[in-house]
Amino acid sequence: MTEPQTQMNWEYGTLAAEVYELDKPVGRPFADVEYYTGLLADVRGPILEPATGTGRVLIPLLEAGHQVEGLDSSPQMLARCRQHCRDRGLDPVLREVDMTIYVRLAAYEAVIIPAGSIALLDGRKATLQALTCFRDSLVPGGLLIVDIPVPRPAAGNETMRYWRRDSYLWTLQALHTEYDPVTNQTTRFLRYDKWQDGTLRTAELQTFRLQHWSSQEFAGLLWEAGFSDIAVTGDYQDASAPGPGNEVWTFHATRPGARLLE
């Protein structure tokens, strides 16, 4: 019997990318997709989406007529994004690069990071570095929109999740969860398994670290990075005052300066 292949990484590996797609497939309506599409309706210039993943948000924006470029540090996620774009006749610029180092000076009218992906960065220094890159990449008056997950204690025992397709079964288990109060980070050891007809084909262990921020802390980072006009909404509802009962906070900020009119 062939031994199952096993790998371990910090990024989204092959199985993690497959499970992400099963859980959040491209083309299915989600609250953040609708919210970001509405916020960007009046943007006519280029948009950048760091941590673009499988294209779940990027593709609807492209299909709505926007100029959107994507970047991601995971080649597995980008490969899936490229395939989804080809399937739809789309050919956006996609780059495999870390959001903490990518800058195109004054190239974009908006930078967006849905789904709390910025919380995957390791600590204050990396987060501030990324925000500074976003500021430099925006035109004066350009818009930054970024989600962060609302901090809350990690669940002690998380239920195994699973997905079925044809003869395959994918399972996801949190083997261990720990919280570091010094760094304010939660780290989970996640095991992904792919089965076929009762036989384990592939296993993957992901070390999944999440940086927690209070609303005040993240707003302070935006100010320090040079943004202005900072506002925050909760759970994709502009009329909803953000609070601890939300799942997601969305921060809106601008690069200071007058926007050039076409």
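I shall take the overall architecture before the local details.

This is a predicted model, in which local features need a pLDDT of at least 70 and side-chain atom pairs count only at pLDDT 80 or more, while totals for chains, interfaces and linings use all residues. Residues are numbered from 1 along each chain as its sequence is written, and side-chain values use heavy atoms, with hydrogens and water left out.

Let me begin with confidence. The average pLDDT, the predictor's confidence in each residue from 0 to 100, is 91 for the protein chain, and 93% of the residues score at least 70. Over residues 5-9 the pLDDT falls below 50, yet this stretch has 15 contacts in the model beyond near neighbours in sequence; a contact means heavy atoms within 4.5 Å.

Turning to the fold, the protein chain contains six helices and twelve strands. These are DSSP runs numbered from the N terminus, helices being H or I of at least four residues and strands E of at least two. The radius of gyration is 19 Å, close to the 18 Å from the globule rule for 262 residues, so the chain is as compact as a globular protein of that length. Here the radius is taken over C-alpha atoms, and the rule is 2.2 Å times the number of residues to the power 0.38. The C-alpha trace spans about 65 × 45 × 35 Å along its principal axes.

Of the contacts with a separation of 6 or more, 67% join residues 24 or more positions apart. Buried residues make up 50% of the 262 residues, where buried means under 20% relative accessible area, exposed over 50%, and partly exposed in between, with a 1.4 Å probe and protein chains only.

I now come to the backbone. Most residues other than glycine have a negative phi. What is the phi of Ala 51? Ala 51 has a positive phi of about 55°, and this residue is found in the loop between β2 (47-50) and α3 (58-63). Asp 235 likewise has a positive phi, near 50°. Asp 235 sits in the loop between β11 (228-234) and β12 (248-254) and, at 26% relative accessibility, counts as partly exposed.

Finally, Leu 205 lies in strand β10 (residues 199-211). Its relative accessible area is 23%, so Leu 205 is partly exposed. Leu 205 and Phe 189 are 16 residues apart in sequence, and their C-alpha atoms are 6.8 Å apart in space.
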